[in-house]
Amino acid sequence: MRTSLLALLLLAGPISAADFPQPAATKPAEPFAKELSLVKAGEYLDGVGVNWTRDRQCITCHTNMPYLTARPLLKGDEGWKEVRKYLEGDVKSWATGGKPRGDAYVVATAFALAFNDAQQSGKLHDATRAALDRMWTVQRPDGAWNWLKCAWPPLEHDDYYGAVLAALAVGCAPGEYAKSETARAGVAKLKGYLKKTPAPDLHHTAVLLWASTKLDGLMTAAEQKMAVAALKGKQRKDGGWSLPSLGAYTRRDADRTPNDPNADSDGYGTGFVTYVLLVASEKPTDASVVNAVKWLRSNQRASGRWFTRSLSNDKAHYIANAGTAFCVLALSAAGEKSNE
């Protein structure tokens with residue numbers, strides 16, 4: 001049986017849902033914050049990340065997976081440690097007959113735990129190793145994984161994203177896990193898949209660029225420079241990036257119209273690209289980064305989130321959750337702080 005979140009919470013002691021209030025639904029017309037507040041960003045991320053885990057009892061690429069990468073950078077740790085504890089318990093249940101919800105679930109869990117291990121302790125946790133080891137058992141012969149195809153781009157709609165996320169998971173894992181006997185064959189197949197399969201869009205090229213800084217052999221130095229230049233070429237005059245400019249995505253609205261590649265800058269596009277550029281090569285003093293940070297400082301919303309319109313439909317803009325996490329990661333990597 002899968003370890004229930006309720007059981008884990010009982011072990012940790014009583015926690016009230018009021019500790020992490022759920023933010024109001026994401027709306028494009030939400031007022032802008034008067035000034036940058038990382039406290040509000042943390043409250044927003046807690047509200048969506050913890051409550052998603054409690055309510056859905058799963059990990060998802062757009063909410064609690066990025067939550068576990070960004071929230072530890074801010075003050076307070078009760079929320080992200082609760083989510084981490086849930087994932088550890090879930091992984092443990094796999095060894096006693098419990099079944100993960102799918103191959104993508106295993107990869108996402110492995111990435112979240114591996115990134116958090118590298119960020120927090122620098123040591124590979126037993127649960128992280130177990131999730132990574134499980135990942136190889138569901139890898140396809142071609143080196144990729146059967147990924148979620150929910151028509152929720154850019155994260156849950158194609159197999160390439162799952163493969164490059166797995167590369168990130170392995171590359172982030174402390175203790176040279178990528179060179180271990182358990183990982184060696186799977187890593188070789190994964191590298192083979194990424195070498196022969198072109199990234200389908202600039203967003204996935206950016207994820208590959210990020211992964212290439214953690215796992216050798218994914219990109220040459222020349223390819224990394226080309227990717228950086230391509231990303232910089234999409235920066236808008238206001239200093240931000242627009243997610244629709246990073247790939248050709250068709251909406252699921254009634255008329256199935258393409259997203260506008262010239263849409264306004266948004267939180268996901270700006271936070272994600274800025275973070276990847278900083279991880280890849282660029283310094284906080286680089287003009288592109290300086291202008292991006294200005295955009296991030298002036299475009300936070302009153303709730304603490306940064307808005308990003310869904311590439312799929314306007315019923316729920318879950319991509320804003322991931323976007324807000326990337327904005328926090330980018331600001332941290334650039335050495336930025338709020339006035340609190």
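Reply: Helices (H or I, at least four residues) and strands (E, at least two) are DSSP runs, numbered from the N terminus. This is a predicted model, in which local features need pLDDT of at least 70, side-chain atom pairs count only at pLDDT 80 or more, and totals for chains, interfaces and linings use all residues. Residues are numbered from 1 along each chain as its sequence is written, and side-chain values use heavy atoms, with hydrogens and water left out.

Me: Which residue follows helix 2, with a positive phi?
Reply: Helix 2 covers residues 38-56. The residue that follows helix 2 has a phi near 50 degrees, and it is Gln-57.

Me: How many of the 19 residues of helix 2 are buried?
Reply: Buried means under 20% relative accessible area, exposed over 50%, and partly exposed in between (1.4 Å probe, protein chains only). By that cut-off helix 2 is mostly covered, and the number of buried residues is 14.

Me: What distance does helix 2 reach from its first C-alpha to its last?
Reply: The expected span of a helix is 1.5 Å times one less than its number of residues. For the 19 residues of helix 2 the expected value is 27 Å, and the span in the model is close to that, at 26 Å.

Me: Which side chain makes a polar contact of 3.2 Å with that of Thr-60?
Reply: Thr-60 is in the loop between helix 2 and helix 3 (64-70), and with a relative accessible area of 6% it is buried. A polar contact is a pair of N or O atoms within 3.5 Å; within protein, one must be able to donate a hydrogen and the other to accept it, and residues adjacent in sequence count only if both atoms are side-chain atoms. The partner of Thr-60 is His-62.

Me: Which residues is Thr-60 in contact with, leaving aside its neighbours within four places in sequence?
Reply: Contact means heavy atoms within 4.5 Å. With those neighbours set aside, the residues touching Thr-60 are Trp-52, Met-65, Pro-66 and Glu-156.

Me: Which residue lies over the face of Trp-52?
Reply: A charge sits over a ring if NZ of Lys or CZ of Arg is within 6 Å of the ring centre and within 35 degrees of the ring normal. At 4.0 Å from the ring centre of Trp-52, the residue is Arg-56.

Me: How many disulfides does the count come to?
Reply: A disulfide is a pair of cysteine sulfur atoms within 2.5 Å. The count comes to zero disulfides. For Cys-58, the nearest cysteine sulfur is that of Cys-61, 10 Å away, so Cys-58 is in no disulfide. The count is zero.

Me: How many aromatic pairs are there?
Reply: Rings of Phe, Tyr and Trp (its six-membered ring) pair if their centres lie within 6.5 Å; planes under 30 degrees apart count as stacked, over 60 as edge-to-face and the rest as tilted. The count by this rule is 14.

Me: What kind of pair do Trp-210 and Phe-326 form?
Reply: Trp-210 is buried at 5% relative accessible area, and Phe-326 is buried at 10%. Their ring centres are 6.0 Å apart and their planes are at 75 degrees, so the pair is edge-to-face.
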